Every structure is written in C-alpha cells, then in structure tokens.
Amino acid sequence: MYKSQVRGPLVLGNKTLGQISKDITAPLYATVPNWWKIGFALASLFTALGLWAIYVTVSQGIGTWGVNNSVGWGWAIINFVWWIGIGHAGTAFSIFLLILRQKWRTSINRAAEAMTVVAVGCAALFPALHMGRVWLAFYIIPYPNTRGPLWVNYNSPLFWDFIAISAYLLISLSFWYLGMIPDFATIRDTTTSKTKKAIYGFLAMGWNGSTYHWTRFESLSKVLGGIAAVLVVSVHSIVSTDFAVSVIPGWHTTLFPPYFVVGAIFSGFAMVMTLMVIIRKLFKFQEYITDSHLNAVSKILIFISLIMGTAYLTEIFVAWYSGNPFEMFTFFHNRITGEYTFQFWAMFVCNAIIPQLLWSKKIRANLKIVFIISIIINIGMWYERFNIVVTSLANDYLPSNWAAYQPSFVEICLYLGTIGLFATGVLLFFRYVPMIAISEVKSVLKFGNEKPKKKGAHDGQE
Amino acid sequence: MDKNKIIGVFDDEEDVVKCMKKMLENNIKITEVYSPYPVHEILELKKSKSILTIVAFIYGILAALLVLSFLYYTSVISWPLNYGGKPSSAFPSFIVITVVLTIFSVTILSLFTFSVRAKVWPGQDDMVIDERATDDKFVIYIEKYEGLDEQKLTNIFNEFSPSEIYEK
C-alpha cells in the first residue's frame with residue numbers, strides 16, 4: 001500500500017496497543033475533576049434557563065419572542081441554521097475523510113461525531129418550537145390521518161428539511177454508536193469494575209472482535225458512510241432552499257445550496273478545532289491528537305475560508321450584475337452600508353479575513369491563537385446567518401412593511417439554553433465514552449511509526 | 001468438560017497473517033480469528049465476506065420505488081391539492097424528498113440487517129474467546145475436529161512467536 005512520505009506518525013510516544021486502550025479509557029476511571037463539576041453545574045444552569053424559555057414559549061406562544069410580521073424568522077432560525085452547520089462537522093469528518101482514506105481522521109472523528117449528534121439535537125429544537133404549537137408537531141409526519149386524509153406538501157422545502165434532519169440525526173447517531181461498539185467491548189474486557197463491565201457489556205451488544213463481526217462492521221460503515229456523504233450535502237442544501245425558493249431579496253439565489261453546505265462544514269470544522277484543543281489540553285491527549293492533526297484541520301479551515309470569501313463576493317457581484325434594484329438595495333444599502341453594517345462586516349471579517357492568518361506556520365503552531373480563531377469563526381458564522389435571515393426580512397420590497405427586529409429575553413435564554421445543552425452533552429461525552437476511537441487509532445498505530453514494542457503487557461485498569 | 005478449543009495469542013498482526021497463511025497451506029481449519037481492529041489481510045484469509053453493501057443497494061432501489069409510489073398515491077390519488085395550479089404529479093420536485101426518504105429507509109433497514117446478521121444486539125451474549133482480543137492481542141481460535149494434527153498445529157503456532165498457546 002502507498003505510504004505517505006509527508007505525514008508523520010499519527011500516534012506519538014511509541015505506544016503499544018494495550019497502552020492505547022489504557023490511555024483513552026483513563027478519563028472514565030479517573031475521579032471527577034473539579035473543572036468538570038464546575039462546567040457541568042454551569043451547563044446545567046444554562047440548560048435550566050433554556051427549559052424555562054421553552055416553558056414560556058410553549059405556554060404563552062411565539063408572541064414572547066421578538067419576531068414580528070415582517071421579520072418572522074428571528075434568532076430561532078438563525079440558531080437552527082447555526083447549530084445544523086456545526087452539526088455538519090462530525091459526519092463531514094468521518095465520511096469525507098473516510099472516503100478519501102485520510103487516516104488522520106481516526107483521532108478526531110469520535111469527538112466530531114459526538115458533537116454532531118448533540119448539535120443536531122439542539123438545532124431540531126428551534127423549528128419545533130417555532131411551529132408555535134409544538135404538541136401538534138406530528139402533523140408534519142405523512143400518515144393516514146383523520147384530517148381528510150390531508151397529506152403534507154411534498155413540494156415544500158420545509159417538509160424536506162424535517163425529513164432530512166431526522167435522517168441526519170438517525171444516521172449520525174448510528175454511525176457514532178457503531179464506531180463505539182468495539183470500544184465499549186474493549187472497556188468491558190479491560191475493566192475490573194463489575195458495574196462498568198455490566199453497563200459497557202450491555203452497550204457493546206455482544207461484540208467480540210471476530211472476523212465475522214469486523215467484516216459486517218466494515219460493510220455497514222461503508223453503507224452508512226456512502227449514504228451519509230450524500231446526506232451531508234443534501235441536508236444543508238435543503239436548509240438553504242428554505243430560503244432560496246422564496247422571493248425575498250438576498251435569498252432568491254442559486255448560490256445558496258453550495259454556499260450553505262460549505263458554510264456548514266466551515267463552522268463545523270471550527271467547532272471541532274475548538275473542541276479538540278480543549279480535549280487535548282484537559283486530557284493530555286497530545287500523543288493522539290498531535291500537532292500535525294490540528295495543523296491539518298487549520299489548513300482545511302483556510303481553504304474553506306477562501307471559498308466563503310468567494311461566496312460572499314459572488315453574492316455581492318451578482319446583486320450588482322443582475323441589475324435588480326431590490327437585490328442592489330439589500331446588499332449595498334442594507335448590508336454593506338446601512339442599518340446592518342456591523343453584522344455584515346462582522347461576518348466578512350470573522351469568516352473570510354481573520355482565518356487567513358492561518359497561512360502562517362507560526363500561527364498554526366500556536367494553539368492559543370488557533371483556538372481564538374476557531375471561536376471567531378463560530379461567531380462569524382452566527383453573524384452570517386443573522387445577516388441572511390434578518391437583513392433580508394427587515395427591509396423587503398415594501399417600505400411600509402419594514403420593521404426592526406430585536407430578540408426578546410426569552411429568545412436569548414433559549415439560545416443560551418441550547419449552548420448549555422450542548423455543553424452538557426459534550427461534558428457527559430468526556431466522562432462516559434471513550435473520546436477517541438480506540439480501535440481505529442490502533443489500526444493506524446503503525447502508520448509512520450516503527451513496529452510497536454513487542455510483548456505489550458495486557459494489564460487491565462487498576 | 002473436554003477442552004476442545006485451541007487458542008493462539010499473538011502480539012502482532014503480521015505474525016497472525018503469516019501464521020494463518022501457513023495453516024491454510026497445511027489445510028488446518030481456522031474456526032475464527034479475533035483482533036482489536038479490522039486487519040484486511042486477516043479478513044481476506046478468513047474469506048469472511050458480507051453482502052451487506054449489495055443488500056443495501058437493493059434496499060435503496062426498493063425504498064426509492066416505494067417512496068415514489070407513496071408520493072404519487074398521496075398527492076395524486078388520495079387527496080390532490082391545488083397549489084396555485086401546479087400539477088399534482090410533480091415528479092421533479094419529488095426527487096429531493098425521494099432521495100432523502102430513501103436514505104432514511106436504507107439506514108434503518110441496513111442497521112437492522114447488520115444487527116440481525118452480525119448478531120450485534122442489545123443483550124446479546126458476547127461469546128468472548130479471549131478477553132484480550134479487544135485490547136491488544138490477536139487471537140486465532142481453532143476448534144478441535146477429527147483429523148486435526150495437534151502437534152503440527154502447535155509447531156505452526158510456535159513458528160510465529162505467539163505470546164501464548166492454550167487449550168480451553
């Protein structure tokens with residue numbers, strides 16, 4: 001098989017196979033660190049705030065939000081698109097890099113997938129609540145009903161969205177879980193704690209690492225990977241058609257699907273970067289998540305940032321080139337200058353300009369700066385969605401329709417609530433699940449390394 | 001109970017592959033091989049094959065047909081709705097939803113098929129031969145059968161520096 005001469009070893013520190021299991025499962029056995037307790041308390045607090053906001057929204061209605069007749073989509077849809085975007089990284093990581101046979105994904109994919117599952121869960125909350133009567137949400141499922149039978153509108157992107165996101169959640173969850181089955185078996189077989197053995201044994205669902213299992217495991221990964229690759233592209237394309245099929249200036253453009261997909265992967269990779277830097281620091285996984293891994297993610301970020309910049313400029317160019325006065329107005333008098341100047345330039349600077357710093361090798365090597373840039377990208381991507389949703393709706397064709405939009409306290413709490421939910425999910429993941437795909441890392445141990453040490457002692461967790 | 005399992009434990013995948021080759025040359029039936037991660041040479045030597053990919057493809061075709069007929073039934077036969085005079089049977093705009101629903105169905109069906117065929121199911125007995133196989137060892141397991149030359153087998157095992165050979 002061809003071996004890359006460029007990429008260094010994927011796992012540093014002359015590990016043996018046994019050591020890998022031990023290192024990666026170590027956080028499961030360690031006493032709960034203080035930062036975890038504090039983090040969890042904070043995350044729960046935010047989640048509680050979110051629950052309160054959900055209670056208010058459901059019991060009193062959408063009137064508690066800042067949305068109005070003109071700006072019907074406020075923070076809820078901004079946050080929905082933002083979370084879905086973040087949720088694109090896991091599958092993008094696992095699937096695209098799996099298909100491209102990039103071995104360096106192995107240390108990162110598990111965390112990225114976990115992030116995906118939690119982020120998509122957070123995202124799904126918003127459209128559900130935005131329906132107003134969330135208890136009637138099942139009306140969107142096409143089933144023979146007593147209302148006619150009245151079927152849903154299959155030509156509506158909103159319905160496509162519902163199915164696409166459900167499918168995406170299902171496939172990300174199954175892909176994530178499938179990858180964890182062999183690792184749960186590892187925990188089951190190495191632990192000395194009876195409770196852990198029982199719990200992880202149940203979760204491992206009878207996995208024993210036989211060729212019989214591995215063959216089927218690989219086949220299923222291939223199947224899920226293949227179809228999820230299609231889904232990654234289609235989910236956000238569909239989200240973008242929610243906007244693009246309307247006739248609102250600034251939305252009605254064929255650029256939207258690729259622009260949204262790339263934007264989603266951009267924010268997702270930025271969030272992966274944020275998370276990996278944290279995991280690496282907190283759990284001392286430097287030998288697994290090496291500098292070269294983070295370097296590779298940084299390079300992808302620059303590349304996508306260039307695409308984002310091109311997309312922004314293309315949008316502006318087409319607005320001018322089309323000669324459509326409404327498009328011109330939206331872009332030149334509403335975004336670039338005018339009421340929403342700050343949001344537009346925040347988006348442009350955060351997504352297209354600041355990431356260019358990563359061209360410098362020195363900056364890529366300085367994880368503090370990389371961490372800050374990754375956060376900036378996430379903020380920038382949020383502004384991008386704000387820019388799309390609010391600027392176009394606030395000032396559309398009829399000046400008599402124009403309205404300003406301010407989020408209400410409930411809306412802000414709802415957003416903070418999903419951040420809390422995300423943090424809670426991630427913290428639980430840190431604590432109870434192997435954060436790095438043990439079996440996959442083992443399979444790339446030899447890559448770029450000398451033969452692993454002979455006679456690696458099998459020593460269970462003490 | 002009679003010990004009828006011969007188990008060879010190895011540290012390195014390459015030794016296992018070589019050992020398996022030698023065993024196959026000597027017509028020894030390998031019952032199963034366990035490894036902490038998938039090693040393609042081992043899977044090939046074991047001739048372990050899965051038709052799941054083909055099955056999934058068939059699921060996909062069936063699901064797509066089923067989804068399309070469902071869409072046709074609901075929007076043309078059961079209750080046609082007039083959206084601004086657009087045709088009820090709107091094939092082009094059915095494509096996106098067909099793709100997504102097909103993916104949805106294939107995922108569920110493939111997962112179910114995998115669970116049933118690979119016997120990976122909640123509450124499934126794990127039948128672990130050697131606990132170290134999910135950690136850091138590669139395990140060749142041979143069930144004794146009539147005509148098995150045990151001495152020869154042990155010799156072959158020993159040729160490839162196993163960390164342990166035992167009967168169970």
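Visitor: Which residue follows helix 1 of chain B, and what is its phi?

Guide: In this predicted model, helix 1 of chain B is followed by N27(B), whose phi is positive, near 55 degrees, although N27(B) is not a glycine. N27(B) lies in the loop between helix 1 and strand 2 of chain B, where helices (H or I, at least four residues) and strands (E, at least two) are DSSP runs, numbered from the N terminus. Residues are numbered from 1 along each chain as its sequence is written, while chains are lettered from A and ligands numbered from 1 in the order in which they are written. As the model is predicted, local features need pLDDT of at least 70 and side-chain atom pairs count only at pLDDT 80 or more, whereas totals for chains, interfaces and linings use all residues.

Visitor: What makes M205(A) count as buried, exposed or partly exposed?

Guide: M205(A), in the loop between helix 7 (194-204) and helix 8 (211-244) of chain A, also has a positive phi, near 50 degrees, in a residue other than glycine. There are 19 other C-beta atoms within 10 Å of M205(A), so it is partly exposed.

Visitor: How do you know that the length of helix 1 of chain B agrees with its number of residues?

Guide: The expected span is 1.5 Å times one less than the number of residues, so the 13 residues of helix 1 (residues 13-25) should span 18 Å, and the end C-alpha atoms are 18 Å apart, which agrees.

Visitor: Which residues of this helix are buried, and what covers them?

Guide: The buried residues of helix 1 of chain B are E13(B), D15(B), V16(B), V17(B), C19(B), M20(B) and M23(B). Their cover, judged by contacts (C-beta atoms, placed from the backbone, within 7 Å), includes strand 1 (5-10), strand 2 (32-34), helix 2 (40-45), strand 3 (138-143) and helix 5 (150-159) of chain B.

Visitor: How does the radius of gyration of chain B compare with that of a compact globule, and what is the rule?

Guide: The radius is taken over C-alpha atoms, and the globule rule is 2.2 Å times the number of residues to the power 0.38. For 168 residues a compact globule would come near 15 Å, but chain B has 25 Å. The C-alpha atoms of chain B fill a box of roughly 80 × 30 × 30 Å along the principal axes, and 40% of its 168 residues count as buried.

Visitor: What makes a set of residues a nonpolar core?

Guide: Such a core is a set of buried Ala, Val, Leu, Ile, Met, Phe, Trp, Tyr and Cys residues joined through C-beta atoms within 7 Å. The largest has 149 residues, and those with the most contacts inside it include M276(A) and V100(B). Helix 9 (residues 256-283) of chain A gives the most to this core, with 17 residues. Apart from it lies another core, of 24 residues, among them F10(B) and Y37(B).

Visitor: How many residues does each chain bring to the contact between them?

Guide: Chain B brings 57 residues and chain A brings 61 residues. Helix 4 (91-118) of chain B gives the most to the side of chain B that touches chain A, with 16 residues.

Key: Buried ≥ 20, exposed ≤ 12 C-beta atoms within 10 Å, placed from the backbone. Contact = placed C-beta atoms within 7 Å.
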